[in-house]
Amino acid sequence: MNQKYDVVIIGGGTGGYVAAIRASQLGLKTAVVEQGKLGGTCLHAGCIPSKALLRSAEIYSNAKNADKYGVIAPEVGLDFSKVQARKEEITERLFKGVQHLMKKGKIDVFEGKGSILQSRDVLVRFNNDERETILSSRNILIATGSRPRTLPGLEADGEYVMTSDEALQMKELPNSIIIVGGGVIGIEWASMLIDFGLEVTVIEYADRILPTEDKDISKEVQRLMKKKGVKIVTGAKVLPESLEKGDGVSIKAEYKGNDTSFSAEKLLVSVGRLANIEGIRLENTKVEVERVIQTNEFYQTNEPSIYAIGDVIGGLQLAHVASHEGIIAIEHMAGEKPVPLDQSLVSKCIYSNPEVASVGLTEEDAKEKGYQIKTGKFSFRAIGKALVFGESDGFVKLVVEEESSKLLGAHMVGPHVTDMISEAGLARVLNATAMDIAHTIHPHPTLAEAIGEAALAVYGKEIHS
C-alpha cells in the first residue's frame, strides 16, 4: 500500500534537507529519499571536508613560519592520517546533527534510490536489498545535486587521475600534482596542496584564473598563488590524448602556439560539475530538460506538482543557494508568497589562502550593463588587525553607481573575507550606498575596517591611505 505525503524530496543534501525542515515547520508531512548519506556532496564530498583539509594545511603552513611570530618550532611535521581523521570526525558530527534534525522534524527518511513513476508517485529502491516501496505525494522536489565533471580521456582511475571526490580520500599526499582547471575548486585545492608542501601546477584554459571573478581579484589571487610557489599556466588547452601514466603522469597542453609537457605524480581534474538527472525517470513526466532541469522563479517545473532546486537546475552551484531555493520551493507549494531569489544578492566565497569573497556585479559586468560607476579600493596592508595576523596581502574593492553611490558589487581578497562579505551582502539587500557603509562604525582593530575605508575611498576620503 502506498505511503502518502504532502511532499517527497528526492535527495537529502543541503538543499534537500533544509527544504524538508522548512516543510515540517509548515506542517507538511514530509519524506526524504537519499541514496547516500544525508548532507550530500556539501557535507561528505565538498564544502565541509575540503574546508577541514584547508584548515589543516593553513595550520601546517603557519607552524612552519612560526618564527615570524617569535615562536620557535624547529620540528614541524605532518601526519596526514590525523588530518584525514579530523576531517572525518567533523563530517560525522555534522552528519549526526542532520539526522537529529530529521527526527526532530518528524521527517521520514528512506535510504535508497528515488525515481519518479508519474507526476505524484516516487518509487524507492532500498539500499542493500531488493525491497521497493511507492511514496505518493501532492508534490515532489528534486534535489539530487551534481558530481564532478571530467574530460574524455581524463576520467578518474583511482591511482593517477583524480577528481575532488578521490582527492578528498587520499591516504597520503604525493610530492607533486597537476590541477586541470583554475576555477574555484581548482584554486582551493592549489592553495591547500601548496600549503601542505606539494609542488603544484595549475593549467587553466581561460586567460586568467577565477575567470568569473572581478579582474582585479583574479590578478591578485594569481600573484599571491605564484608568490606561494604555485605554477600557474593560463590560456592553455589540455590535450587529454597526450596523457601518459607510469612513473607518475605527464600531459601536454597547447600553450602559446606550442605543445608543452607537464609532469607530476598525480593529476586532479577540476573543470566543473554535472547535474545528477540520470536515473530519476524524468521521461515519465513533462519536466523540461536542457542540460539541466528548467523551472520558473519558484522552482516549479512544467509538471506543476514537481519542483527542482540546487545543482540540477544550474545557476550558482552553491550550497547556500540550494538551501534558499529549497525554502522558496516549499513555501510556494504550501501556498505562501515567497520572494524569488535575486542571484545578484548571493555572496560567493573561495576558501583559498588568502580567501576570496564577492557579491553583486564586477566592475566589468557593471560597465557592460551600462552603469556609470565609481570604485573604492583599500589594501589590508594599512589595517592593523591584518598586520597582527601576519596576513596583510589583499584588498577590498567596492563598485558603486556614480550618481546614486548605490552599492553594485563588493569584491575582497585577503584574510577571513568569507566572514566579512555578509556586510556587503546586507548592504546590497538594503540598497545601501557607499556612504551608508562609510557611516557604519567599524570596530578597531578589526579586518572589517577595510570595508569602511574602501567605502570612503569611493569619495577619495579614506583615512589610512
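Visitor: What does Val-429 count as, going by its relative accessibility?

Guide: Val-429 counts as partly exposed, at 49% relative accessibility. Here, buried means under 20% relative accessible area, exposed means over 50%, and partly exposed is what falls in between, with a 1.4 Å probe and protein chains only. The areas themselves come from the Shrake-Rupley method with that 1.4 Å probe, and for residues only the protein chains shown count as cover.

A word on what you are viewing: this is a predicted model, in which local features need pLDDT of at least 70 and side-chain atom pairs count only at pLDDT 80 or more, while totals for chains, interfaces and linings use all residues. Residues are numbered from 1 along each chain as its sequence is written, and side-chain values use heavy atoms, leaving out hydrogens and water.

Back to Val-429, which sits in helix 11 (residues 421-429). Helices (H or I, at least four residues) and strands (E, at least two) are DSSP runs, numbered from the N terminus. Together with Leu-426 and Leu-430, Val-429 makes a nonpolar surface patch of about 300 Å². Patches are built from residues with over 30% relative accessible area and no salt bridge; like charges are joined within 9 Å, and nonpolar side chains (Val, Leu, Ile, Met, Phe, Trp, Tyr) within 5 Å.

The surface also carries a patch of negative charge, where Glu-172, Glu-199, Asp-247 and Glu-265 gather. Lys and Arg count as positive and Asp and Glu as negative, with His and the chain ends not counted; the place of a charge is taken as NZ of Lys, CZ of Arg, CG of Asp or CD of Glu. One member, Glu-199, belongs to strand 9 (residues 199-204) and is exposed, with a relative accessible area of 60%.

Now let us step back to the whole chain. There are 13 helices and 23 strands, and buried residues make up 52% of the 465 residues. Along the principal axes, the C-alpha atoms fill a box of roughly 70 × 60 × 45 Å. A compact globule with 465 residues would have a radius of gyration near 23 Å, and the chain's 24 Å agrees with that. That radius is taken over C-alpha atoms, and the globule rule is 2.2 Å times the number of residues to the power 0.38.

Next come the charged pairs. The structure holds 19 salt bridges, each a side-chain nitrogen of Lys or Arg within 4 Å of a carboxyl oxygen of Asp or Glu. In one of them, Glu-188 meets Lys-51 at 2.9 Å, N to O. Glu-188 lies in helix 6 (residues 184-195) and Lys-51 in helix 3 (residues 47-64), so this pair ties together parts that are 137 residues apart in sequence. Glu-188 is buried, with a relative accessible area of 7%, whereas Lys-51 is partly exposed at 24%.

Another salt bridge joins Lys-367 and Glu-363, whose closest N and O atoms are 3.0 Å apart. Both residues lie in helix 9 (residues 363-368), four residues apart, about one turn of the helix. Lys-367 is partly exposed at 48%, while Glu-363 counts as buried at 17%. Through shared partners, salt bridges join Asp-214, Asp-216, Glu-363, Lys-367, Lys-377 and Lys-397 into one network. Within that group, Lys-397 is placed in strand 22 (residues 395-401) and counts as buried at 2% relative accessibility. Lys-397 and Asp-216 are 181 residues apart in sequence, and their C-alpha atoms are 8.7 Å apart in space.

Finally, have a look at the backbone. Most residues other than glycine have a negative phi, and most peptide bonds are trans. Arg-291 has a positive phi, near 70°; this residue is in the loop between strand 16 (289-290) and strand 17 (292-293) and is exposed at 68%. Tyr-299 also has a positive phi near 70°, but it counts as buried, at 7% relative accessibility. A cis peptide bond joins Asn-353 and Pro-354, with omega about 10°, and Pro-354 falls in the loop between strand 19 (347-350) and strand 20 (355-360). The bond from His-444 to Pro-445 is cis too, with omega near 0°; Pro-445 lies in the loop between helix 12 (434-439) and helix 13 (449-457).
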